[in-house]
Structures are given as structure tokens and as C-alpha cells.
Amino acid sequence: MLYDETKVLLSKNLRLPSDRCHEQPPLHPETKGRQPRERTLRLSRRMRTIEESAERGVGRGGGGGRRGAACERPPSEKAAPSGQMAAAAAEWASLCATFRSALNLSYVESKKDPDTEPYRSKYSARELLEGLKQLLGSGEAEGARGPGEEEEASSSSSEGEQQRRRAVRLAVVEYELGVNHTDTQECSAGEEHLAKCLQLLERHRLSRDCVSLYIQAQNNLGILWSERNDIKTAQTYLESAEALYNQYMKENGNPPFDSSEHFMTEETLSDQERSKRFEKVYTHTLYYLAQVYQHLEMTEKAAQYCHTTLKRQLEYSGYYPIEWALNAAILSQYYLTKQCFMESRHCLAAASVIIGQAGQMPSAEDNESEQDQQDLRQKKAEIARCWIKYCLNLLQGARKLLEDNIGELDPDRQVELKAQQEKEEDEKEKERKKAVLFGTSDLCDSILAMEEKVSCVFSLDFKEAREVFLVGQNYVNEAKEFFQVDGYVTDHIEIVQDHSALFKVLAFFEEDFERRCKMHKRRIDMLEPLYSGLNPQYYLLLCRQLQFELADTYYEMMDLKVAIGNKLEELDSHTIKKINSLAQMAMKFYELFLDSLRNPDKVFPETLEEDVLRPAMVAKFHIARLYGKLITADGKKQLENMQTSLEYYSFLVDYCEKHPDAVQAIETELELSKEMVGLLPARMERLKAKLSTFT
């Protein structure tokens, strides 16, 4: 075929899980300008919704209010007279309010900034943070304990305790300044602030009050270096963050303090909320690592981290259904490349279930909600396309197992595989499912119910193949509802090509040749109208694909009609006419394909490009064979057909002699062509001699 039928949708562009409702950008944004850049930073760096901004301290600081060590006033303040305590409390409340205002400007108000002043709110936030930094001091002094320790510091170390608290709070401010500068595309300054944050926390990075902030700073430095195209440095920061998480959970394990708690006046978070936020931070680390491994072409490791991220997002409810579903569907395509059909099906089933959670969209009261609905329909159609690829690859994998050396179903192999499948599959599924299941028990039940609609094992007969085919065909219809030819020409044609491929592989399992012909006729009926409507000036590649596939389909139908005719005692005129008609149509489309390779002067290239070498040689070979299959009672016409056939066979032989590197691409066709070049001249001489006796 012109193009590999087993190609996997989007497998080369594995997209990774996002916590946000918009499309997750790549690690290296290719777009420039204010809007794409801002979206990239908000997603890749922060991945926070407005509600998450509230978690950082915007407003009241949220959640699980109880008095805790992090918000207790320093011991020196407790011992002071009540008037001094009141003054200190007021001053501290003012600092906390300033911090919350800075966060509100950074993560809420900045989204409302006009295009003429895209960073107005962020610059205002920066001024507040710089003021806080000055008030907190240089941060040179570091004590032994911070606000996250449960035990109280002794009176002799109260001064050191305050210095440590001040250093940790300063680290929080440095972190926010680092993010602020990177958000405004001032990466060098951002790096300095983030590095200062790490420096302030280094000695206490494994303590409850520091570990979460330390990992967040490393995450952001990882992204910063990735945007500089230094993926190795990014990898170092992110793997260090991963190692720190694992070390902390092994040595301590208690829910660490959230960085927002360092600027709270009264409330602190519950341990449950702290744990949830810390796990989200670590999920981001894994998410970024998945992207880094993808850029380093460590595909298997990238998929592993992507899968882990998806599982954690479900576990901690840190996901947006549409994006989660699409990323799970795309991950399924990676598993297809590895022939892991059970894992691929599980990802797709999970994607279908989760995107159902996004089905209740707001009514179309404004343009934004209409766009949301359009996006939802598109994502559902994209997931449907992934299902199509799953069904197609499953059937094509089965065909490869069952076909003999001439491409027909091998009955002995079929019996052998059926016996083997019954013994092995149950045990395999039990073992593999332990590692891949998504979600809670309720969610798992829904996913498993979706999985039961289609098999994940190779079909071994027509009945089993038809069940998979029908599932794929349903998703074809679903995908075509959105990707209509008017507006989505390329997508629509690719979907129809997949539909045609489903019919082709189903025909392999059909024993009745007449029914096979009807299946191939369905392929003709869906492909020819599309080809007729395409302008090759704008859609040359698609035209070539359709030309070759139509030729190939007519060629298969001709072969089937010849096989049917061979079972007859004598060929009737109708069968002869049908065979010749199919052969001529196949030749027509093969010639159209070959003509598309000619230059503007209509000259066929002396050297073929690598991507069209094999299809061009196969087209020449098939045309040679088709001329030999034409049935005619006219001896002179038969001689002409043999001569034309010889010319096409000779082209393959001559081309490979001039281009030895082409031999590997067409070894089988070349061997047969050499044989025919040796045989045809003798046959033609015998036919000439026979004809001469009648003249």
C-alpha cells in the first residue's frame, strides 16, 4: 500500500496530562506573542484554576480552619505585653493581606488585563512582593526550626526560631517573584529568584514546612530550562524533585505544610487538605518529567509517567474531564504501537467514561459557551478516531497472525491459535490489569462496562472480526458527524480511509468470494466520490493516496473474480467482461498515480523519492500483471497486451539495475519481474508462430 495501514493517530505527538481546561502546550512553545505565551505559562508553570489561586492564599486562604504551628505568633510576641502583641498582630495581618493581594493580582486580575497592557496586574503584584521582601529582611539568618514543626522551640532558641520563620517566608516571596518574572518572560530574573528560594530552604528541604515549596521551585526551574532548550538541565531539576518527594515520604510521611500557610493569620489547613495539595505538586513533577522524557525520545518512560500522572489525577480529583479524556485516548495510541491492546482499550474506555462527565455543558447563552460545546464535540470525535485506530489495528494484527505466504487465511494456523488463546488469555489479563486500572471502584465499574463492548484479543474467525468491525464502524459514523467534508477535508478523508481499511481487513476473514467482492465494492463506493471532488493542486498527497487505494481495491476485486471464474467449467461472457472491466479500472487509477509523479513536462522521474519508490514500483508491477490477466479472443490484441506487460516488468528490472539501493524495497516484485522478463519473450514467439499459421 501507498501508506502503512497500521499508522497510529497522533502517536508521534503524545500529549500529556493537564490540570487545566485548555489544551496542554508542549514543553517548548512554538508560538510567539502574548496570548500563546501566557497560556503556556499558566498551564505548564502553574496549572492552577481560579480556585487553586484561592488555595495559594487569595481571599481567606481556604480550607480546614484550625490553629496550627505555622500561624502561631513568634514566641517573643507571646511574651510581650498585650499592647505590643496587638501591634505585632496588626503588623502581621497587614503582611498577610499584602501577600494575598499580590496573589490575587497574579492569578486572578491578570486574566482581565487588556492586550495593550498584558502584564499590568503582574507588575503590580511584583511591587507588593518586592515590598514584602524588604520588610522580611535579607533572609541571611536561618534558625533550627520553622513554623512547620509540631514541637515548640525552647526559650533559648526563640530568636533562631524567628529567623528561620523569616527565612522560610522570604523563600515563599522569592518563589512568587520567580514565577512572576518568568510569567512576564524575564527568565533570567526568574531563575535568580527561584535559585534564591532553593538556597534559603536547602538546609531544611526535608522539613514539613519546606519540602513542598522546594519541590515547586524545582518544578519551575525544570520548565524554565526546558524553555531554553536545555532539556538535560530540566531533567536534573525534575528528577531531583521526584527523589526529594520519595525521600520525604520514606523518612517522614506526614502531610507537609502548604506554602500559603506561611502567610495566614488565623486558619491553617487540615492534614487532609495538606496531603491533597502536596500530592498535586508531585503529580505536576511527574507530568513535567513525562514531557522531558518525550523530548529526550525516551518514549516508553514518557508513557509510563504519563500513565502514572493520569492515575494520580483521578485519585486526587485534580483533572479537567475533557483534557484528561483526550490525553488518555492519545496514550492508548502509544500502547497500540506496542501491541498492548488490553492497555490501549482500558485507556480508551476510561477516556469515553470521563468525557461523559463533561457532557453537561452550559446552555448557549453566549459565544464562549457555544465554543465550549464545539470543543467538547471535537474532543469526542477525536476520541472516536482513536477507537477506530484501535479496532483497525486489532484486526490487522489478527490478519498478520493468520495469513499464509500468499495472503490468505491459514486454517491450520487458525485452529492452533484458537487452542492457544483459550489457555493463555485469562491469566494474562489478570496479571496485566493490576498495573493499568484507572480510578475508584465506581469509576472502574463504568470503565469495565465500556471495555466489554469490544474485545482486546485477536479475532480468529469472521464472527469475532465482524464484532470488532461493527464497533469501529460505529465510531467512524460518530467521528464523521463532526469532521464533515465541508470544513474538515483532510480529517474526513482520513476517517473514510480508515473505514475502507476496516472493510478490507474484514474481507480477509470472509470465506465467500462473492461477499468479499461486495465488501470491496463498498470501499469503491465511499472512496471514488471523495477523489472526484478533490483538486490535486491543493490536495496532491490525498489524491495520490486515493488513486493508489482505488487501484488496489479494483485489483483485489479482479483477482477475486478470476478465482470465482476458475471454479466454473467455462467462463461466460458476463464474467469475462467483469474481469476485464475491473482490470482496466485498476490500471486507470495506477496510471493516474504514476502520472502524478511526472514533472510539469510530463516526464517520469529517473530517480524516485524514497516515500514513493515502493508504491510506484508496485503500481508498475501490478499494471504488468493486469495486462497479462486481460481476456481477449483477438490474438493480435493478446500479443499487444503481452508486449505492454513485458515493458512494465522490464522497467522494474532496469530501474533496480541503475539504482541498486531500490532492491530492498521491492525484493519480491523484482524477483517475479525478472522471471517474467525471461518467460514472456518465448511465450510471445509461440503466439506469433501460432498466429502466422492462420494467416
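Cys386 counts as buried, at 1% relative accessibility, where buried denotes under 20% relative accessible area, exposed over 50%, and partly exposed in between (1.4 Å probe, protein chains only). Cys340, by contrast, is partly exposed, with a relative accessible area of 21%. The structure holds 0 disulfides, a disulfide being a pair of cysteine sulfur atoms within 2.5 Å.

The model is predicted: local features need pLDDT of at least 70 and side-chain atom pairs count only at pLDDT 80 or more, while totals for chains, interfaces and linings use all residues. Residues are numbered from 1 along each chain as its sequence is written, and side-chain values use heavy atoms, with hydrogens and water left out.

The protein chain contains 24 helices and 0 strands; these are DSSP runs numbered from the N terminus (helices H or I, at least four residues; strands E, at least two). Of its 695 residues, 52% are buried. Contact means heavy atoms within 4.5 Å. Among contacts between residues at least 6 apart in sequence, 74% join residues at least 24 apart.

Helix H23 (residues 635-658) may be examined in detail. Its 24 residues should span 34 Å at 1.5 Å a residue, and the end C-alpha atoms are 35 Å apart, which agrees; the expected span is 1.5 Å times one less than the number of residues. The buried residues of H23 include Leu639, Met642, Leu646, Tyr649, Leu652 and Val653. Among the elements that cover the buried residues of H23 are helix H21 (573-595), helix H22 (610-629) and helix H24 (667-692).

Attention now turns to charged side chains. Those of opposite charge can pair when their charged atoms come close. A salt bridge is a side-chain nitrogen of Lys or Arg within 4 Å of a carboxyl oxygen of Asp or Glu, and a search of the whole structure finds 33 of them. One joins Asp113 to Arg120, with the closest N and O atoms 4.0 Å apart. Asp113 is buried at 6% relative accessibility, whereas Arg120 is partly exposed at 40%.

Helix H19 (residues 513-532) holds both Asp525 and Lys521, 4 residues apart, about one turn of the helix. Their side chains meet in a salt bridge (2.7 Å, N to O). Asp525 is partly exposed, with a relative accessible area of 43%, and Lys521 is partly exposed at 38%. Arg523 forms a salt bridge with Glu549, at 3.4 Å between the closest N and O atoms. Arg523 lies in H19 and Glu549 in helix H20 (residues 540-566), so this pair ties together parts that are 26 residues apart in sequence. Both partners are buried, Arg523 at 0% relative accessibility and Glu549 at 7%. Elsewhere, salt bridges that share partners join Arg208, Glu261, Asp271 and Arg274 into one network.

Glu242, in helix H9 (residues 231-251), is buried yet has no salt bridge. The nearest side chain of opposite charge, Lys301, is 6.7 Å away; Lys and Arg count as positive and Asp and Glu as negative, while His and the chain ends are not counted. Leaving aside neighbours within four places in sequence, Glu242 is in contact with Tyr282, Thr285, Leu286, Leu289 and Tyr305.
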